[in-house]
Amino acid sequence: MSVSNRFRLQVVLPLAAVLAAACAPAPAPPPAAAPAAPAVAPAPQPAAAPKADIVPGTAKDAWYQDPWSLGWEEPKARGGNFRFVLNSPPATMDPFSGALQIRVLLVPVFDQLLARRMTPKVGWIGAELYCRLCDSYELAADGRTYTFKLRPGVTWHDGKPFTAEDVKFSYEKMQDRATGFWGRSQLDSIESIQVVDAMTLKIVTKTPDADFLAALSNPFPIVPKHVYDAPDGEAAMKRHPIGTGPFKFVSFNREQNLKAERSPNFWIKDRPYLDSVEGVFVGDKSTRASALLAKQLDTVSVFDSREAEPIKAASADVVVEKYDQYLVDSYLVNVNRKPFDDKRVRRAIHLAIDRNAINQTLFKGLGTPYVAPSSPPEWQPKSLTQEELAKLPGYRTPKSLDIDEAKKLLAEAGFPNGFKTTATAVASNTSNPPQNEAMAGQLANVGIQVELEHLESAAATKKQETCEFDLFNHTVAGTNSTPTRNYSFYVTGGSENWCKWSNTELDRLVAQQRSTLDPKARWEVIKKIQTILLDELFTIPSSEAASFMLHQKAVHNWRNFGTAWANPWYPYTEIIWVQR
């Protein structure tokens, strides 16, 4: 019996210094893979999750485990189906869609040029780059010309050969503003793409770009040019996506699931280990929990520790792992509407939000107060640190200082008694509604009365992308080895800058940090960027979430590396195995 039939699911919604090294051909990280020569010097790894109870002061054992302490396991069983949950179906099957759901659902179907070699002790931050669809790459002495030798013998799921024309077509489509690709801003530095021969591609950037290779390791889908060249090609890809990944698309039922099965011609021999993967649409939190406990789902992620605790207590077969995903909650502010065009009002909202309280309530103190665009541990010692933040308005203690200043600013802006507004979020998102509720309650302390508008995914996304909101509670992923990914929200013309915010000095500094290859000098520029963002408050940051991944003990080699906005777990679907 399917999960949908069993529970009658309600679908609610969802190098810096590289640079001169070649990437040795290597498969995704198997249990005993020999490491390739690093193409990027590995940065310090993130600290492991603390081995202590998340409830301070208690004596019981930790109820979550540290995923970084676990090694890869050779498969003791092959075959079977892996079932992960999403809150809602995507509005489209377009692989270039900005929807979170489509990125997660199709990641096992597509592959990309580069990825990051994560190990049980090194997550996304600090992991070295390695080739997926390339066989090797090198950077010329000019610091701008990248030559990629592609992996031989790779075929599309329809049996056609993979070539450099496919890669060129894919990146140029991502660069086309008409495509609306979410990651377009990360490819803005590309000046030209040239097919040298069927298996060689040359990419030239406008200037040296410290982020370029890291950007290519994001989930940017490489698609088959020959399919798009057909008269009905684009529509055909949206109906039946074709990739080179470990799993090939089988079916999509908007009311139930998307399913992909093992590709027999995947380029890594004897992989994947599973027969199939299945994304199941479950919008209701209690239904998700029931399905997991009934073993009708293999994994569920939550961003509120209060949701994880009863599930773990109910079953010894459910494992809880705590991840530092660097998912950061923020209010997008519509500066085109009054009163949000007044910086004093935006600052008052910023001051009224108690990030420490949210962290304690939702994440038991395991989250982190956030400042854009940086968050991961690798960055914090170099950009604005938590110690520096703790001294700034909006982050300092006692909170009464911020509340008093916020009321004063509102009075100066003409709102001595506050005002009414609306804060929008995706209803089924596991992270945003709880933070939206918490932030709205805190704004009431300065007289701002917030009506919560939690909509289904398509309606909320439409409001977001047309800037038809007052405040929009959304998540930005800091999970990346480079801050550039998040600048698409802030820079003029950014691919996710829906409200068209603009600051000339910010634009100049973003371009400067991207072309600054000296790490120390670069972080000084990033601090200046953070200072501008804290002054302009185009987005008002809340907290970095502590996320909890719950999965069946029968699932092995499952790691929730990164997020769908950054580098998802897709290269690792090929080494997941289950033993029912």
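## Disulfides, cores and loop contacts in a predicted model

The disulfide of C467 and C499 has a torsion of about 100° about its S-S bond, so this disulfide is right-handed. The pair joins distant parts of the chain, as the two cysteines are 32 residues apart. C467 lies in the loop between α14 (457-465) and β17 (471-477), whereas C499 lies in the loop between α15 (484-487) and α16. The structure discussed here is a predicted model, and every value in this report was computed from that model.

### The disulfides

How many disulfides does a search of the whole structure find? The search finds 2 disulfides. With -95° about the S-S bond, the link of C131 and C134 is left-handed. When the bonded cysteines of the protein chain are numbered in sequence order, the pairing is 1-2, 3-4.

| Disulfide | S to S distance |
|---|---|
| C467 and C499 | 1.9 Å |

Are these cysteines buried or exposed? C131 has a relative accessible area of 0% and is therefore buried. C134 is likewise buried, because its relative accessible area is 0%.

### The nonpolar cores

In soluble globular proteins, nonpolar side chains tend to be buried together. In this model, the largest nonpolar core has 74 residues. Which residues have the most contacts inside this core? They are I349, L443 and L550. Among the structural elements, α17 gives the most to this core, with 6 residues.

The surroundings of L443 can be described in detail. Leaving aside neighbours within four places in sequence, L443 is in contact with Y331, I349, A352, I353, I448, V450 and L471. One of these partners, I349, is itself among the residues with the most contacts inside the core. Apart from this core lies another, of 60 residues, which includes L139, M174, V223 and F247.

### Aromatic rings

The count of aromatic pairs in the model comes to 18. One of them is formed by Y146 and F148, whose rings are stacked, with 6.5 Å centre to centre and 15° between the planes. Both Y146 and F148 are buried. Elsewhere, F96, F181, W182 and F220 form one aromatic cluster. A ring may also have a charge over it: the charged end of R355 sits over the ring of Y395, 4.8 Å from its centre.

### The loop between α16 and α17

Two residues of one loop can be considered together. S515 is found in the loop between α16 and α17, and T516 is found in the loop between α16 (504-514) and α17 (519-536).

T516, by contrast, is buried, because its relative accessible area of 15% is under the limit of 20%.

The side chains of both residues reach backbone oxygens. The side chain of S515 reaches the backbone oxygen of A511 at 3.2 Å. For T516, a polar atom of the side chain lies 2.5 Å from the backbone oxygen of Q512.

Their contacts involve other parts of the chain. Leaving aside neighbours within four places in sequence, S515 is in contact with T207 and P208. S515 and T207 are 308 residues apart along the chain, yet their C-alpha atoms are separated by 6.6 Å. Not counting residues up to four places away in sequence, T516 touches A210, A521 and R522.

### The loop between β13 and α9

D341 lies in the loop between β13 (327-333) and α9 (343-352). With a relative accessibility of 38%, D341 counts as partly exposed. Which residue does the side chain of D341 join through a polar contact of 3.1 Å? The partner is the side chain of K338. Leaving aside neighbours within four places in sequence, D341 is in contact with V335 and R346. The C-alpha atoms of D341 and F538 are separated by 9.7 Å, and these residues are 197 residues apart along the chain.

Terms used
Residues numbered from 1 in each chain as written. Predicted model: local features only at pLDDT ≥ 70, side-chain atom pairs only at ≥ 80, totals over all residues. Heavy atoms only, no water. Phe/Tyr/Trp six-rings, centres within 6.5 Å; stacked < 30°, edge-to-face > 60°. Buried < 20%, exposed > 50% of the residue type's maximum accessible area, 1.4 Å probe, protein only. Lys NZ or Arg CZ within 6 Å of the ring centre and 35° of its normal. Helix = DSSP H or I, 4+ residues; strand = E, 2+ residues; numbered from the N terminus. Polar contact = N/O pair within 3.5 Å; in protein donor to acceptor, adjacent residues only side chain to side chain. Contact = heavy atoms within 4.5 Å. Core = buried A, V, L, I, M, F, W, Y, C linked by side-chain atoms within 4.5 Å. Disulfide = S-S within 2.5 Å.
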